[in-house]
Amino acid sequence: MVATEAVAQSATEHIDLVRGEIHKVIVGHEEVVDGVLNALLAGGHVLLEGVPGLGKTTLLRTLGRALHLDYSRIQFTPDLMPADILGSMVMDTNDVGAKSLRFERGPIFAHLLLADEINRATPRTQSALLEAMQEKTVTSGTSTHPLEEPFLVMATQNPLEMEGTYPLPEAQLDRFLVKILVEFPERDELTAIVERTAVPVQPEVNAVLDRRQILELRAMASKLLVAPHVRDYAISLVLATQPKPGPRNALARKYIRYGSSPRGAQALVFCGRVRALMQGRLQVSIDDVRALALPALRHRVILNFDAHADNRTEDDLLLEILDSLPQST
């Protein structure tokens with residue numbers, strides 16, 4: 001489908017319908033809702049970080065209803081095993097007593113997978129998601145089973161200082177397209193949450209898009225124009241996070257142990273296209289890249305000891321790098 005002004009406007013209207021259905025249930029969190037929708041349409045996965053009770057689980061369940069997609073939830077615990085996620089081989093016996101092995105699919109075989117409190121499981125179990133997130137397949141023995149598109153893993157994690165959590169491996173963090181922080185609601189939002197959940201009948205969420213339309217929107221976003229200067233800006237931003245010699249890398253040399261991987265630049269472009277489509281535009285702007293810098297890069301930057309000693313965070317360092325980076329590269 002060729003992207004035109006009319007097609008882009010139609011796509012924006014469809015996405016607004018999804019937003020409307022989600023906000024029947026979810027109060028506030030506009031940036032979080034847009035971030036999850038962006039990841040779904042960009043073909044990536046999203047990591048949400050926040051304390052329990054902020055509506056992260058409810059968000060994905062509501063998204064599944066609004067998009068008429070299969071939804072599955074896995075509660076990650078220290079005793080969770082990889083087979084509990086992926087599935088396992090089971091023995092079947094037919095009517096005459098003959099036995100055969102059959103692959104019993106796990107909960108990962110869904111369009112939307114909620115990995116709830118992912119950092120409460122051991123690193124071995126966390127790593128079981130790597131192949132599925134990157135290759136969109138699950139391997140059991142000598143057989144490989146494809147996952148049906150769209151496939152979105154939305155993992156939630158508690159802040160690492162909370163008891164009973166394990167840090168996610170860097171390789172797995174890099175598989176998440178974006179990392180979004182879920183903040184505690186303001187007073188008026190908290191009041192609306194209490195009032196909305198106090199009534200006996202909850203709002204009904206209608207399916208306004210289906211799987212085919214989602215894949216069409218994804219294909220449309222992939223065709224949006226990324227001008228050379230916008231692409232170069234995204235690349236320059238990622239290069240500025242590398243602790244190597246150069247005038248733009250002084251901050252990184254001081255506070256960053258490892259900068260963003262190339263997936264960071266890809267995430268800025270992929271998500272920038274979707275953001276432009278969500279706003280009815282046919283090309284990505286530098287403002288799109290700047291708006292996406294924190295969710296696309298905050299989990300791909302590893303700080304050194306000096307940063308922790310000076311109470312620096314990934315977010316404030318990225319914002320400082322953004323301020324120092326010329327918008328024409």
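Tutor: Helices here are DSSP runs of H or I with at least four residues, strands are E runs of at least two, and both are numbered from the N terminus. This is a predicted model, where local features need pLDDT of at least 70, side-chain atom pairs count only at pLDDT 80 or more, and totals for chains, interfaces and linings use all residues. Residues are numbered from 1 along each chain as its sequence is written, and side-chain values use heavy atoms, with hydrogens and water left out.

Student: How many residues does helix α3 have, and what does it reach from its first C-alpha to its last?

Tutor: The expected span of a helix is 1.5 Å times one less than its number of residues. Helix α3 covers residues 56-67, so 12 residues, and it reaches 17 Å, close to the 16 Å expected.

Student: Which residues in α3 are buried?

Tutor: Buried means under 20% relative accessible area, exposed over 50%, and partly exposed in between (1.4 Å probe, protein chains only). The buried ones include Lys56, Leu59, Leu60, Leu63 and Leu67. Nine of the 12 residues of α3 are buried, so the helix is largely enclosed by the rest of the structure.

Student: What should I look for in backbone angles?

Tutor: Most residues other than glycine have a negative phi, and most peptide bonds are trans. Just after α3, His68 takes a positive phi of about 55°. His68 sits in the loop between α3 and β2 (71-75), and it counts as exposed at 59% relative accessibility. Lys136, not a glycine either, has a positive phi of about 60°. Lys136 is in the loop between α6 (130-135) and β6 (137-140), but counts as buried at 15% relative accessibility.

Student: Where is there a cis peptide bond?

Tutor: Look between Glu149 and Pro150, where omega is about -5°. Pro150 belongs to the loop between β7 (143-146) and β8 (152-157).

Student: How do I read a helix pair?

Tutor: Two packed helices are described by the angle between their axes and the distance between the axes. The axes are lines fitted to C-alpha atoms over the stretch in contact, and angles run from 0 to 180 degrees between N-to-C directions. Helix α12 (residues 262-278) packs on helix α13 (residues 286-297) at about 125°, with axes 9 Å apart. That makes α12 oblique to α13 (under 35 degrees is roughly parallel, over 145 roughly antiparallel, 65 to 115 roughly perpendicular, the rest oblique).

Student: Which residues of α12 and α13 meet?

Tutor: Contact means heavy atoms within 4.5 Å. Among them are Leu268, Cys271 and Arg275 in α12, and Asp287, Val289 and Leu292 in α13.
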